[in-house]
Amino acid sequence: MEVGTTSSSSGLVKAKSETLSEALKSSSLNFSNGGGSSHGRKHHVRASSSPSQSGSNSNNYRRNTHIRKAKTLDLGRLTGGEALSRASSASLGLSFSFTGIAVPHEEEITPSERSCSNDDNLEDIEAVTSNVVKLNEEPTFPIYLKFIDITYKVTCKGMRSSSEKSILNGISGSAYPGELLALMGPSGSGKTTLLNVLGGRSNQHNIGGSVSYNDKPYSKHLKTRIGFVTQDDVLFPHLTVKETLTYTALLRLPKTLTKQQKEQRAISVIQELGLERCQDTMIGGSFVRGVSGGERKRVCIGNEIMTNPSLLFLDEPTSSLDSTTALKIVQMLQSMAKAGKTIVTTIHQPSSRLFHRFDKLVVLSRGSLLYFGKASEALSYFSSIGCSPLLSMNPAEFLLDLANGNMNDISIPSALKEETKTGSSCSKIRSSKPTPTAVYEYLEEAYRTQIEVKEKKRLMEPVPLDEEAKVITCPKREWGLSWWEQYCILSLRGFKERKHDYFSWLRVTQVLTTAIILGLLWWQSDIQHPKGLQDQVGLLFFIAVFWGFFPVFTAIFTFPQERAMLSKERESNMYRLSAYFVARTTSDLPLDLILPLVFLVVVYFMAGLRLRAESFFLSVLTVFLCIIAAQGLGLAIGASLMDLKKATTLASVTVMTFMLAGGYFVKKVPVFISWIRYMSFNYHTYKLLVKVQYEQIMHDVNGEEIVNGLKEVSALVAMIIGYRLLAYLSLRRMKLYTSN
């Protein structure tokens, strides 16, 4: 049949489109515009000749076949639509993408083109998808986690005495590669404490029992193989999703990868977690609008899976999320476990759909173990000891009710009934329900007698490991980048994060308003008049005090506000502490010096100070030295105390003392306390400003001789170095974790 008209050509195009659509449907390929994750192994897709054969093949493929969605395809920077378009353009004579179908110009269609079969089309598509590398398919080093008789105690200090409180009481269990272990229990049952113990993030002096990784104890070198997602989302609010994950990839991935490979890895994680739509959106925080809670949680998970960890811990990853978003996150964790990782997560109150996705389950109550085993066998176990739900309910709700001692809508075991009758007969108040304490003791005793002995025997058996799997530690810690590269990346990250704060309208208004008020009050002051000279000297002292006070109280907040982020990243061996400290204290300097420069330009010329270029630039340099020295004091106080209330109180007293000893209010200071003025950056800044303004004009000002300035500059430089060294040593001794 010849193609002579437009309608006939369109009909043929439509027919071929339907043919490809049916072929895709029969092969179970799903090219949808979504951000889902992919896992499992790649399978070849073949076209079937009959519907029955197609159905059987589809069932066979469905066991272990999971094809990445089209939006996550990455073949030479092609999108899913472009890849599918190029794969099918030879047989269809058209190109299509997510935006629609573009019909080519009319041309004669040869019989050979008409005879293209579905097999040819699918072979082209197979060639496109065969090169796709999925994140979950990467080889993972297996880690077998076992914990036996874990106890954890803390010391509660009172006014007169101290007492020991037990948080965990003999917890045992295991999690192997390919398994998702859930820790369940009511609030205060010890879930987070147990997770911190298993992740090596608790004080080892308070821990009893044993935790082994491939039958080896914990060591610091295991950090590279362990990922830990905290309950709180610790992220920089002003960075975008893509920037956050890219910086993590650059800092944490090994040196063997190039910068382009690390950035590509970050893009792969974004695609794997379905974050493409929000990758250019800021993370956000309490006062900054950003991504949703579920997306923020996925970013936290992405930070940890960036290095392909063998063991991943998550502390309540579904808290404050709706059921659908929580299900997506648990599905993602399940797919990661199937890829060979060991996943351990705490969960507060999962839905029934979430519960059935857990492989193993630990139920805690008051720090004790009520159940450990397969999640699918939990209900049958509790039914065997006489605790069964009397109506249809979520299995997680049933288990939490038992852990809380709530027996409403739950059958009461005969042993508990007898105990309840005995207790009621001895008391005046009769109750048909057992007390929560009685339920807890009954369930704990039942677990000890029926499950604990068998499980401990299993845990004592050695794990069958290959020779390579037995060596799980690295002899030497290796950083992903050199010191200079870490410094550059941390400086750039800090600049992007804090540039919004430095040029906020509130801060700019504060500095400019103060400068204008000073310029109006000291408008064109005349030093030829004694009172004019005294007024101008007062202005110089105020400048020294203002730019000593302002930076101190700004720098105090630096390390206390970033303590959570610093602890998290240091736990992950993300960078050297020295690189972070130097980057944090120097990346802000260009921004810190812009507002003082604007301030001095306004005040200097409005107040009629010495109109000479040398005097102006020396005044600017003097104020800059004062600012950097004052910042060092604020950094040292903040890093030493790590408590904003204490730091603010100490800083206010220190700054007031330095101001009083600054050489303007008190001329004659007693000998036994005169050393304070030499520690005051206000004093040295004031003396330098006086020298710059009145040198070669007069020999003394208000009875004080004008100095040469060398001692003052040396003192400020010593303060700049000394205060920062004190701050660094304080950070070095900071504990990465706190006792629970």
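Analyst: What follows is a set of questions and answers on helix packing, a salt bridge and annotated spans in this predicted model.

User: Why is H7 called roughly antiparallel to H17?

Analyst: Helix H7 (residues 241-252) packs against H17 at an angle of about 165 degrees, and their axes are 10 Å apart. Angles over 145 degrees count as roughly antiparallel, and that makes H7 roughly antiparallel to H17. The crossing of H7 and H17 is left-handed.

User: Which residues of H7 and H17 meet, and what is the make-up of the contact by class?

Analyst: On the H7 side Glu243, Tyr247, Leu250 and Leu251 meet Gln486, Ile489, Leu490, Leu492, Arg493 and Lys496 of H17. By class, this contact of H7 with H17 has 6 nonpolar, 1 polar and 3 charged residues.

User: What makes H17 and H22 oblique to each other?

Analyst: The axes of helix H17 (residues 483-502) and H22 cross at roughly 40 degrees and come within 8 Å. Only angles under 35 degrees count as roughly parallel, and the roughly perpendicular range is 65 to 115; H17 and H22 are therefore oblique to each other. H17 passes H22 in a right-handed crossing. The contact is made by Trp483, Gln486, Tyr487, Leu490, Ser491 and Arg498 of H17 together with Ser578, Ala579, Tyr580, Val582, Ala583, Arg584 and Thr586 of H22, and by class it has 7 nonpolar, 4 polar and 2 charged residues.

User: Why is H22 also described as oblique to H29?

Analyst: Helix H22 (residues 577-586) and helix H29 (residues 710-732) pack at an angle of about 135 degrees, with 11 Å between their axes. The roughly perpendicular range is 65 to 115 degrees, and roughly antiparallel begins over 145, which makes H22 oblique to H29. The crossing of H22 and H29 is right-handed. In this contact Leu577, Ser578, Phe581 and Thr585 of H22 face Arg724, Ala727, Tyr728, Leu731 and Arg732 of H29, and the classes are 5 nonpolar, 2 polar and 2 charged residues.

User: How do you know that Glu179 and Lys360 form a salt bridge, and what does the pair tie together?

Analyst: The side chains of Glu179 and Lys360 meet at 3.2 Å, N to O, and the definition asks for a Lys or Arg nitrogen within 4 Å of a carboxyl oxygen, so the pair qualifies as a salt bridge. Glu179 lies in the loop between strand S4 (162-175) and strand S5 (180-184), and Lys360 in strand S10 (residues 360-365), so the pair ties together parts that are 181 residues apart in sequence. The structure holds 17 salt bridges.

User: Which residues does the annotation "transmembrane region" cover, and how much helix is in residues 617-637 and 649-666?

Analyst: The annotation comes from an unreviewed UniProt entry and covers residues 502-525, 537-559, 593-611, 617-637 and 649-666. Residues 617-637 are 100% helix and 0% strand, with their end C-alpha atoms 31 Å apart. Residues 649-666 are 67% helix and 0% strand, and their end C-alpha atoms lie 24 Å apart.

Conventions. Residues are numbered from 1 along each chain as its sequence is written. This is a predicted model: local features need pLDDT of at least 70, side-chain atom pairs count only at pLDDT 80 or more; totals for chains, interfaces and linings use all residues. Side-chain values use heavy atoms; hydrogens and water are left out. Axes are lines fitted to C-alpha atoms, for helices over the stretch in contact, and angles run from 0 to 180 degrees between N-to-C directions. Helices (H or I, at least four residues) and strands (E, at least two) are DSSP runs, numbered from the N terminus. A crossing is left-handed if the near helix is turned anticlockwise from the far one by less than a right angle, and right-handed if clockwise. Contact means heavy atoms within 4.5 Å. Ala, Val, Leu, Ile, Met, Phe, Trp, Tyr, Cys and Pro count as nonpolar, Asp, Glu, Lys and Arg as charged, and the others, Gly among them, as polar. UniProt positions are given in the numbering used here, feature names are shortened, and annotations may be inferred rather than shown by experiment.
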